[in-house]
Amino acid sequence: MLNLSYEYKLSLTKIQLEQTEHIFEVCRSVWNFALRERMDWSNSRKSRINACSIQQEYIIPADAPYPNYHVQAKALTKARKENPRLASVNAQVQQQVLRTLERAFIDRERKGLGYPRFKNHSRMRSFVFPQMLKNCIKGNRIKLPQLGWVKFRQSRPIPDGFVVKQARIVRKATGYFVILSLQSDVDIPQTIPHGHPKGLDIGFICAVVTSDNESIPRPRFLNKYSRELKRLQRMLKKKQKGSCGWKKLQKRIARLHFKTASHRKDYHFKLSHHLVKDAGMIFVEDINFRMWQRSFLSKSSADFGFGQFINILEWVSFRTDTYFCKVDNRYTSQECPECGARTGKKDLKERVHQCPECGYITGRDHASALVIRNRGLDLVAVGQPVQEKASGDGRSG
């Protein structure tokens with residue numbers, strides 16, 4: 001089974017725009033009510049009988065079940081019969097809001113996070129139609145539940161053999177978009193290692209340095225709009241929060257951020273296609289880029305978007321039948337690619353690799369890319385993770 005997601009921009013009429021905003025508001029009300037209900041149930045179980053608050057205490061009966069998805073979905077069905085505002089929106093759309101809240105609470109328990117946030121008008125940005133008709137697309141129009149036939153900009157055709165399963169309506173700074181979930185009943189085997197291997201070293205001075213000694217400088221996406229962004233933010237600080245001028249400036253700032261993100265994503269796709277053009281195997285380091293965001297280079301890390309680039313590179317490798325693999329990132333800058341000897345820790349100002357054992361001299365980033373390529377080739381040859389194959393022969397792993 002192969003799943004794809006295609007995004008198109010919608011051209012809504014005035015009536016369809018009002019209906020879409022009405023759906024957003026109802027979904028926001030459902031989210032806030034369900035979240036408040038879960039939080040009240042949890043808070044009512046925290047206080048002991050002999051230690052109640054001296055101000056107020058919201059008490060829920062002891063036999064009341066925990067309001068999980070099934071309990072809240074059943075209550076939503078009853079509420080729709082009594083509340084015409086809830087009944088005016090597709091029931092499946094509201095159920096998907098409850099499912100999203102359920103996933104948020106599951107992630108909260110797994111990752112140790114806080115409660116999900118309540119949604120104001122600007123925070124509720126999407127809703128889902130979980131079921132679509134078979135022939136829902138005709139030319140540049142798509143038939144959405146409750147909205148009817150909606151025009152969209154078909155920037156690329158939907159591939160043959162794929163069926164539209166879901167449609168997500170997203171509100172962004174530049175308009176409304178639909179993200180179609182396409183599904184095809186095909187079985188695609190994993191890519192077999194073949195062709196020319198290429199190791200990639202990712203850094204801040206050069207965005208990517210390949211094992212073929214190709215250096216790609218790191219572009220500064222924020223620098224292009226930073227001056228305009230600072231000017232608008234200074235103007236926003238002088239506006240009264242919630243006023244019409246404040247909202248207009250918020251939209252202009254959001255458009256600048258959207259434009260920056262679009263340029264960044266476009267560059268990542270072009271760079272990924274350039275890297276896989278003459279390669280059969282791509283090897284990168286398995287790095288936790290979230291930790292990079294917490295360092296003194298957090299702004300530079302966020303500007304380039306290293307995590308998004310790796311995800312796009314993996315996707316482009318899959319589309320172009322290129323083998324993609326992540327290798328161990330430890331000591332890639334402290335190992336000689338020629339003899340495998342450890343050269344010790346280097347400062348960031350040391351940009352040249354010079355091995356004291358074999359005398360091999362090259363750029364520091366190029367040496368790291370060669371080490372990544374060698375580890376990837378070892379991983380492909382053995383067929384198991386590098387850290388499991390160390391056998392005391394002096395090689396890294």
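**Glutamine 146.** I began with glutamine 146 and found it partly exposed, because its relative accessible area is 33% (buried means under 20%, exposed over 50%, partly exposed in between, with a 1.4 Å probe and protein chains only). Glutamine 146 sits in the loop between β4 (141-144) and β5 (148-153). I took strands as DSSP runs of E of at least two residues and helices as runs of H or I of at least four, numbered from the N terminus. Although glutamine 146 is not a glycine, its phi is positive, about 75°.

**Ground rules.** The model is predicted, so I noted that local features need pLDDT of at least 70 and side-chain atom pairs count only at pLDDT 80 or more, while totals for chains, interfaces and linings use all residues. Residues are numbered from 1 along each chain as its sequence is written, and side-chain values use heavy atoms, with hydrogens and water left out.

**Asparagine 213.** I looked up asparagine 213 next; it is not a glycine, yet has a positive phi of about 65°. Asparagine 213 belongs to the loop between β9 and β10. Its relative accessibility is 49%, so it counts as partly exposed.

**The sheet.** I traced an open sheet of five strands in the order β10-β9-β8-β11-β12, with mixed pairing (two strands pair if DSSP finds at least two bridges between them). β10 (215-217) and β12 (323-327) are the edge strands; each has a single partner strand, so one side of each has no neighbour in the sheet. From one strand to the next, the twist averages 20°. Axes are lines fitted to C-alpha atoms, for helices over the stretch in contact, and angles run from 0 to 180 degrees between N-to-C directions.

Glycine 199 stands opposite phenylalanine 283 in β11. Helix α6 (residues 244-276) packs on the sheet and touches β8, β9 (206-210), β10 and β11, where contact means heavy atoms within 4.5 Å. The direction of helix α6 makes about 175° with that of β10. Helix α9 (residues 306-319) lies across β8, β9, β11 and β12, at about 145° to β12.

**Cysteines.** How many disulfides does the structure hold? I found zero disulfides, counting a pair of cysteine sulfur atoms within 2.5 Å as one. For cysteine 355, the closest cysteine sulfur is that of cysteine 339 at 3.5 Å, which is too far for a bond. Cysteine 355 counts as buried because its relative accessibility is 3%. Cysteine 358 is in no disulfide either, with the nearest cysteine sulfur, that of cysteine 355, 3.6 Å away. Cysteine 358 is partly exposed, with a relative accessible area of 40%.

In an unreviewed entry, UniProt places "domain: Cas12f1-like TNB" at residues 306-372. I noted that UniProt positions are given in the numbering used here, feature names are shortened, and annotations may be inferred rather than shown by experiment. The end C-alpha atoms of residues 306-372 lie 17 Å apart, and the span is 34% helix and 16% strand. UniProt also has "domain: Transposase putative helix-turn-helix" (unreviewed entry) for residues 1-46. Residues 1-46 are 67% helix and 22% strand, with end C-alpha atoms 46 Å apart.

**Serine 44.** I ended with serine 44, which lies in helix α1 (residues 14-44). Serine 44 counts as buried, at 17% relative accessibility. Its side chain reaches the backbone oxygen of tryptophan 41 at 2.7 Å.

Definitions and conventions. A polar contact is a pair of N or O atoms within 3.5 Å; within protein, one must be able to donate a hydrogen and the other to accept it, and residues adjacent in sequence count only if both atoms are side-chain atoms.
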